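Welcome! Take a moment to look over the picture and get your bearings before reading on.

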Amino acid sequence: MKTLKVVLFALAISTGSLLHAAPKDLSETSEVAFNKEIQQLLKNAEITVEKDVVAYLIVRFNCKNEMEVLYVGSKNVEAGKKIKKCLNNKEIKTVLDPSIKTYKLPVKLKA
């Protein structure tokens, strides 16, 4: 009987640990989906560059879930302008955490 109680207690603790870890997986999934959606938007824009370009974006979302590009940090000014033009005011289908006001993400364009 004592062994049964110990086994049930261990099972309850492991189940609680698994349930506690589940929300983290959901947020990572939405972040991955968001990154894939950004990649698809940039791929559709067909931005061409001579050399590889790394840009850092700061974006936020309005009430219509449209992306507003606040800042594009890049050494290549032309590529930064093209990225901003391509992504600004695009509606995003991915549901993100509403408590986060701005998102920072790196973008790499290959030549």
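In what order do the three strands form the open sheet? The order is 2-1-3 in this predicted model, and the pairing is antiparallel. Strands 2 and 3 stand at the edges with a single partner strand each, so one side of each has no neighbour in the sheet. From one strand to the next, the twist averages 30°. As background, strands of a sheet pair through backbone hydrogen bonds, in either a parallel or an antiparallel way.

Now follow one pairing along the chain. Strand 1 and strand 2 pair over six bridges, in the antiparallel sense.

Helix 2 lies across strand 1, strand 2 and strand 3, and runs at about 170° to strand 2.

Which residues of helix 2 are buried, and which exposed ones does the opposite face carry? The table sorts them.

| Part of helix 2 | Residues |
|---|---|
| Buried residues | Ala79, Gly80, Ile83, Cys86, Leu87 |
| Exposed residues on the face turned away | Val77, Lys81, Lys85 |

The buried residues of helix 2 are Ala79, Gly80, Ile83, Cys86 and Leu87. They sit on the same side of helix 2 because they cover an arc of only 130° around the axis.

Finally, look at the ends. At the N-terminal end, Asn76 caps helix 2, with a side-chain oxygen 3.2 Å from the backbone nitrogen of Glu78. Helix 2 is followed by Asn89, which has a positive phi near 65°.

Notes
Residues numbered from 1 in each chain as written. Predicted model: local features only at pLDDT ≥ 70, side-chain atom pairs only at ≥ 80, totals over all residues. Heavy atoms only, no water. Buried < 20%, exposed > 50% of the residue type's maximum accessible area, 1.4 Å probe, protein only. Helix = DSSP H or I, 4+ residues; strand = E, 2+ residues; numbered from the N terminus. Arc of directions from axis to C-beta. Polar contact = N/O pair within 3.5 Å; in protein donor to acceptor, adjacent residues only side chain to side chain. Pairing = 2+ DSSP bridges. Axes fitted to C-alpha atoms, helices over the stretch in contact; angles between N-to-C directions. Contact = heavy atoms within 4.5 Å.
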